[in-house]
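Subject: Structure for you to look at

Hello,

Here is the structure I said I would pass on. Please open it alongside this email and find each part as you read.

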Amino acid sequence: MDRQVEVVAGNHVLMRVAGSVLLVAHRERERLTAGSRAVAAANALADLVTEATGQAPGGPGALVARQATRWLMKEAERISPGQPVEFGILTAAANGGLALFLHGSVTAVLAGRTVEYYRGGDAAFTVDRVAERPARAAALFVEDGKRRVPELPERGIGSLVAGVAQAVGAVVWFEGDSAVPEPDPPPTAAYESDSQPIPLDPNLTPTRTSTSVPAGLYLPPAVSDERELESPPATAGYDPPADDFDPHRAPTERGGVKRAEAGGAPAEMGTNPAPKPDPDLQRRLEATAKATALTVKVLGFKCARAHPSDPRSAFCSVCGMPVDQTQPVAEVIRPPLGMLVLDDGMTYMLAADAVVGRDPEQSEAARAGLVPLKIDDNSGGMSRAHAEIRLVNWDVMLIDRGSTNGTRARLPGYRDWVRLQSNQPMTLVPGTEMMLGNRVLRLEPVAPPPFG
């Protein structure tokens with residue numbers, strides 16, 4: 001992004017590297033120094049962004065999102081034990097748009113004819129979005145304890161071309177002739193054309209596994225804290241109402257989007273508009289995502305880095321390291337079991353049971369607690385609640401729920417598609433492709449290949 005990047009002074013870590021903007025929250029009591037956790041995390045993420053830009057210089061947003069998700073799963077705990085790393089990344093997307101990746105209490109603001117807010121804190125895991133470049137500006141801000149987002153400042157003369165600064169936010173200005181020269185990113189290995197496509201990581205938000213079990217299936221008990229969510233206090237310039245937020249919306253409408261006409265009332269204007277969700281369903285989804293994230297306990301092993309892993313696998317399901325198969329099994333908190341990669345590059349993290357369809361929010365499965373994954377399909381071949389993804393111990397299962405046109409699957413290495421029998425679960429392995437209507441999804445592991 002060869003645009004003016006203006007620094008909003010504060011006490012967090014801001015970097016501009018390889019054309020991308022990276023903001024990491026400093027949450028330690030001590031003042032920010034070169035030895036702070038936020039600086040270490042920013043340096044690690046900067047290396048990740050630089051490498052992704054070298055591999056996909058035309059638009060590294062998809063690769064940045066994928067690698068940042070894996071970094072959160074594998075490395076963040078080592079850098080900041082016991083304290084989540086909160087950060088946001090603005091970078092270029094392959095389609096010429098702007099890619100946003102948020103984790104924790106970092107908010108992105110897109111200002112054009114309308115103003116959009118994307119809050120990382122409203123998603124139980126991450127916000128991953130590709131949007132059109134706004135006419136005026138894009139900004140990242142670290143939220144304070146009151147969930148307050150600063151007003152977009154008046155345009156100044158400052159410009160962070162490269163390097164690091166101490167800040168609470170950054171504004172990338174797009175209006176006018178604001179292009180500034182930008183250093184070339186350091187050379188890295190060329191992108192391999194025959195490698196697997198790198199998708200975005202959309203935000204399958206971790207939540208509780210449903211207690212509604214199909215016939216013949218066993219789900220391990222979920223341990224959760226059923227506390228009610230507190231409503232955020234009203235703040236000037238940023239006050240999205242509760243029923244305007246849905247972290248489980250379609251990829252073009254998640255992350256707590258609020259659009260407001262200048263001087264007027266808020267309006268939902270997504271590139272994929274949909275009716276406002278049912279308030280009761282909304283409250284259930286919000287409470288589930290907040291109170292029960294990543295609390296499903298199963299029997300498993302731990303690798304040398306203490307990651308929980310499938311006891312049937314010789315390699316860790318989180319980092320890919322070898323696992324001692326002689327250790328006794330113990331109760332562990334199950335990590336996400338993979339990613340669903342859609343044919344347009346969007347991905348969903350599999351951390352909980354889900355119902356997939358063109359309009360799954362109002363389905364019985366969603367009311368029972370499954371995460372609704374809405375997928376657009378213009379062919380007319382996808383049902384409202386087409387199929388379910390069930391996580392059973394360490395297995396991922398696909399179940400067709402009596403859809404009109406059926407659900408098909410193709411195992412890796414096979415050419416032919418197999419149609420599933422209704423309500424009969426099929427266990428999926430990494431690389432399996434699923435066809436729902438005219439859309440194709442693929443199951444991929446979260447961890448890289450062993451020793452990869």
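Predicted model: local features only at pLDDT ≥ 70, side-chain atom pairs only at ≥ 80, totals over all residues.

Residues are numbered from 1 along each chain as its sequence is written, and side-chain values use heavy atoms, with hydrogens and water left out.

Start with strand 8, residues 137–142. Helices (H or I, at least four residues) and strands (E, at least two) are DSSP runs, numbered from the N terminus. Six of the six residues in strand 8 are buried; buried means under 20% relative accessible area, exposed over 50%, and partly exposed in between, with a 1.4 Å probe and protein chains only. Ala-137, Ala-139 and Phe-141 point one way, Ala-138, Leu-140 and Val-142 the other.

Strand 8 pairs in the antiparallel sense with strand 5 (residues 106–111) over six bridges. Two strands pair if DSSP finds at least two bridges between them. Strand 8 also runs antiparallel to strand 9 (residues 163–173), joined by five bridges. Ala-139 stands opposite Val-109 and opposite Val-171 in strand 9.

Helix 2 (residues 61–74) reaches 20 Å from its first C-alpha to its last, close to the 20 Å expected; the expected span is 1.5 Å times one less than the number of residues. Of its 14 residues, 11 are buried, including Leu-63, Arg-66 and Trp-71.

Next, the cores. A nonpolar core is a set of buried Ala, Val, Leu, Ile, Met, Phe, Trp, Tyr and Cys residues joined through side-chain atoms within 4.5 Å. In soluble globular proteins, nonpolar side chains tend to be buried together. The largest core here has 30 residues, and Leu-340, Ile-389, Val-396 and Met-434 have the most contacts inside it. Strand 18 (387–392) is one of the elements that give two or more residues to this core, and with three residues strand 18 gives the most. Apart from this core lies another, of 27 residues, among them Ala-46, Trp-71, Val-85 and Phe-87.

Last, Glu-116 lies in strand 6 (residues 114–119). Glu-116 counts as buried because its relative accessibility is 11%. The side chains of Glu-116 and Tyr-118 are joined by a polar contact of 2.3 Å, that is, a pair of N or O atoms within 3.5 Å; within protein, one must be able to donate a hydrogen and the other to accept it, and residues adjacent in sequence count only if both atoms are side-chain atoms.

Regards
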